[in-house]
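Me: Hey, can you walk me through this structure? I'd like to start with the helices.
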Amino acid sequence: GIPAYIDNDANAIATGEKLFGVARELVNFTILTLSKNIGSAHYIDGRLYRGHDGGAGEIGHITVAPTGPLCPCGKQGCLDMVAASAAILSAAKAAHLAVQTVSDLEALAVNGNVQASAILREAGHALGLTVASIIQTNNPNVVIFADIVGFGNGLFSMATLHATENNILPRFLSSTRLLFHPVERSFVARGAASIAAHQYLLVCAGVQ
């Protein structure tokens with residue numbers, strides 16, 4: 001008998017940041033969730049943009065490598081298969097690198113491991129190209145990278161930022177802020193709670 005709400009995890013995280021986090025003062029922003037998979041959500045004119053039937057933000061399935069690995073969705077070379085942490089660690093395993101986390105891989109890169117650096121650069125470049133397209137489509141004020149798995153301020157983030165900045169029109173460079181935002185795993189649960197809080201507030205306001 002208690003109301004329950006279901007939503008996409010990226011939408012939930014975006015709502016949490018809009019209500020309680022770093023996006024409270026933002027009107028137009030995009031948030032990307034960097035985890036086992038990559039998701040995104042967009043706030044446009046202060047409201048969560050869901051698209052025609054709720055499917056907006058599925059950037060993990062944008063094709064970035066047409067001849068790349070087969071994705072569970074059935075297509076080849078989706079962003080998830082190149083830049084998500086699961087894909088990055090799979091590439092590290094194939095290269096016989098003894099790492100358990102992306103943080104371990106970043107540490108190898110810092111110490112000069114060429115294979116680790118190449119994997120992180122390729123992943124960051126693919127993500128950056130995708131983000132550049134988002135910026136030129138939606139023109140957000142801020143793009144927030146919610147780092148759930150612990151990339152940190154390393155090669156992956158640098159490659160992502162460079163690829164983004166190098167592939168957008170110059171006019172967007174001064175008007176778009178790129179923010180890497182390290183978060184704890186409880187961050188996702190806070191986002192889920194925010195969906196319920198948001199719905200409750202809408203009911204109280206008589207919107208629904």
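**Around helix 3**

Reply: The buried residues of helix 3 are covered by, among others, helix 2 (80–83), helix 4 (102–110), helix 5 (114–138) and helix 6 (155–166). Helices here are DSSP runs (H or I, at least four residues), strands are too (E, at least two), and both are numbered from the N terminus. Contact means heavy atoms within 4.5 Å.

Me: Is this an experimental or a predicted model, and how are residues numbered?

Reply: This is a predicted model, where local features need pLDDT of at least 70, side-chain atom pairs count only at pLDDT 80 or more, and totals for chains, interfaces and linings use all residues. Residues are numbered from 1 along each chain as its sequence is written, and side-chain values use heavy atoms, with hydrogens and water left out.

Me: Ok, so which residues in helix 3 are buried?

Reply: In helix 3 (residues 85–94), those are S85, A87, I88 and A92. Buried means under 20% relative accessible area, exposed over 50%, and partly exposed in between (1.4 Å probe, protein chains only).

Me: Why do they sit on the same side of helix 3?

Reply: Because they cover an arc of only 165 degrees around the axis. The arc is taken from the directions from the helix axis to the C-beta atoms.

Me: And what's exposed on the other side of helix 3?

Reply: K93 and A94 are exposed there. Just after helix 3, H96 takes a positive phi of about 60 degrees.

Me: Switching topic: which residues touch the most other members of the largest nonpolar core?

Reply: I88, L105, L127, F145 and F156 do, out of 34 residues in that core. A nonpolar core is a set of buried Ala, Val, Leu, Ile, Met, Phe, Trp, Tyr and Cys residues joined through side-chain atoms within 4.5 Å. Helix 5 gives the largest share of this core, 10 residues.

Me: What is L127 in contact with?

Reply: Leaving aside neighbours within four places in sequence, L127 is in contact with L32, L34, I38, L79, A83, F145, F156 and T160. There's also a second, separate core of 16 residues, which includes I13, A41, Y43 and I148.

Me: Last one: what lines the largest cavity?

Reply: N28, F29, T30, H42, Y43, I44, N138 and P140 line the largest cavity. Strand 2 gives the most to that lining, with three residues. A cavity is a set of points on a 1 Å grid over the protein atoms alone where a 1.4 Å probe fits but cannot get out, and lining residues have an atom within 4 Å of a point.

How values were computed: 1 Å grid on protein atoms, 1.4 Å probe; cavity = no way out; pocket = protein on both sides within 12 Å on 5 of 7 lines; lining within 4 Å.
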